[in-house]
Amino acid sequence: MSNYMNALYGLLLLLFAQVTIADVNVTLGQEIAQNGTAEGVPACASCHGEAGQGNNSVGFPRLAALPTPYILQQLNDLADSARHNSMMSPVAGLLTPQQKRALADYYASLPVVMQTPASPTQENSIQRAGKAIATVGKLSQNLPACDRCHGVNGAGVGEQFPPLAGQSAIYLENQLLSWKNGDRPAGALDLMPGIASQLSPQQIKEIAHYYSRLSQPIMTQSTHQGEKP
């Protein structure tokens, strides 16, 4: 009985420590996101919005509710110049490992506000063409449906396949072009460069516009990981 109680006590202490670390990370991440750092990192909110919602009109992506491992990987890739971005690479390079993790934990903990989707009568030919590739793929080009990895309606799957629904069309288009041009790491299962290389510039635009008009899913990190943030 004593051994059992000791093991249980040790487990509770470990769980408490993990929760405490997560809370500290979220607090630190919020501070950096809202105010930046003394070392010159600007407030993330100045581009990505106060609630991490992004800025669709200029292509700054939504960060709210993206999985911690995904955000952390992007910050590391940007800092190491594995992923090229003239604005974000210098910023990521100024962040310490702890600060990167804190930002990832903070943004993963934020909810996404549901947006009203475009009605069928508003759907144009570009969105219809994008929907066909996103939901069915195109066998003649060896293109799988985007939804096979990114989930139905672009809701995201797991920690490495982020949600696409409601992201900026400018951002999505730029990322597909980056993979096509070899300017972004391959990502999960090394899939994206091969897929993007098969897409024409017009098809990239169509897919980006389709996903940008879908409702943003209501989710937090718990949706991806099956646990409370």
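Helices here are DSSP runs of H or I with at least four residues, numbered from the N terminus, and their axes are lines fitted to C-alpha atoms over the stretch in contact, with angles running from 0 to 180 degrees between N-to-C directions. This is a predicted model, where local features need pLDDT of at least 70, side-chain atom pairs count only at pLDDT 80 or more, and totals for chains, interfaces and linings use all residues. Residues are numbered from 1 along each chain as its sequence is written, and side-chain values use heavy atoms, leaving out hydrogens and water.

Let's start with helix 8 and helix 10 (residues 201–212): they pack at about 145 degrees, axes 8 Å apart. On the helix 8 side you'll find Leu172 and Leu176, among others, meeting residues of helix 10 that include Ile204 and Tyr211 (contact means heavy atoms within 4.5 Å).

Now for leucine 164, which sits in the loop between helix 7 (147–150) and helix 8 (169–180). Leucine 164 is buried, at 15% relative accessible area (buried is under 20%, exposed over 50%, partly exposed in between, with a 1.4 Å probe and protein chains only). Aspartate 147 is 17 residues from leucine 164 in sequence, and their C-alphas are 9.6 Å apart.

Here are two leucines with their contacts, leaving aside neighbours within four places in sequence:

| Residue | Contacts |
|---|---|
| Leucine 164 | His150, Gly154, Leu172 and Tyr211 |
| Leucine 95 | Ile32, Val41, Leu75, Lys100 and Leu103 |

Methods
Helix = DSSP H or I, 4+ residues; strand = E, 2+ residues; numbered from the N terminus.
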